[in-house]
Amino acid sequence: MMGQDGTGRTVRTLLANLVKAALMSEDRASLLWREEAAQALASLRAKPAGLAALKIDGLWSLAVQEAEAPDLRPGEGRVSFTLPVQSPLSLDELAAPGFDIDEGVERIRKSAATG
């Protein structure tokens, strides 16, 4: 059971870092979050056990809450950036050997409704 908790935390961290990279208007800040996402992705690939038991939308909700924390707001440049309730990325996509961080960030940006 411990592995699933760790895997869930890794997936949530990965999603949160992708969301943070998508929210940042400054390229340098976005790049730092992409690097953090790459580290989480490497951890996930190293220990994918328990992935099938996870619920992506629950992890997505937690990741969005983490990414929208008040201390990050000053660096966010996208005004009225509303993220979807369901994850625009699937667990299979995240776990796929060819998953690309930059494409993931773009998918999140495109899935968001800007108002």
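The model is a predicted one, in which local features need pLDDT of at least 70 and side-chain atom pairs count only at pLDDT 80 or more, whereas totals for chains, interfaces and linings use all residues. Residues are numbered from 1 along each chain as its sequence is written, and side-chain values use heavy atoms, with hydrogens and water left out.

Helices (H or I, at least four residues) and strands (E, at least two) are DSSP runs numbered from the N terminus. In helix 5, the residues Ile101, Gly104, Val105, Ile108 and Arg109 are buried, where buried denotes under 20% relative accessible area, exposed over 50%, and partly exposed the range in between (1.4 Å probe, protein chains only). These residues lie on the same side of helix 5, because they cover an arc of only 135° around the axis, the arc being that of the directions from the helix axis to the C-beta atoms. The exposed residues Glu103 and Lys110 are carried on the face of helix 5 that is turned away from its buried side.

Whereas Arg109 is among the buried residues of helix 5, Glu106 counts as partly exposed because its relative accessibility is 33%.

Six salt bridges are present in the structure. One of them joins the side chains of Lys20 and Glu66 (3.7 Å, N to O). This pair links distant parts of the chain, with Lys20 in helix 1 (residues 2–23) and Glu66 in helix 3 (residues 56–67), 46 residues apart. Lys20 is buried at a relative accessible area of 7%, while Glu66, at 30%, is partly exposed; together with Arg12, Lys20 and Glu66 are linked in a network of salt bridges. In a further salt bridge, the side chains of Arg28 and Glu26 meet (3.0 Å, N to O), with Arg28 exposed at 61% relative accessibility and Glu26 partly exposed at a relative accessible area of 39%.

Two further buried positions were examined. Ala40, located in helix 2 (residues 27–46), is buried with a relative accessible area of 7%. When neighbours within four places in sequence are left aside, Ala40 is in contact (heavy atoms within 4.5 Å) with Thr10, Thr13 and Leu14. The C-alpha atoms of Ala40 and Leu14 are separated by 5.2 Å, although the two residues are 26 residues apart along the chain.

Ser87 occupies the loop between strand 1 (81–82) and helix 4 (91–95) and, at 15% relative accessibility, counts as buried. The side chain of Ser87 reaches the backbone oxygen of Leu89 at 2.6 Å, and, not counting residues up to four places away in sequence, Ser87 touches Leu15, Ile56, Asp57 and Trp60.

Conventions
A polar contact is a pair of N or O atoms within 3.5 Å; within protein, one must be able to donate a hydrogen and the other to accept it, and residues adjacent in sequence count only if both atoms are side-chain atoms. A salt bridge is a side-chain nitrogen of Lys or Arg within 4 Å of a carboxyl oxygen of Asp or Glu.
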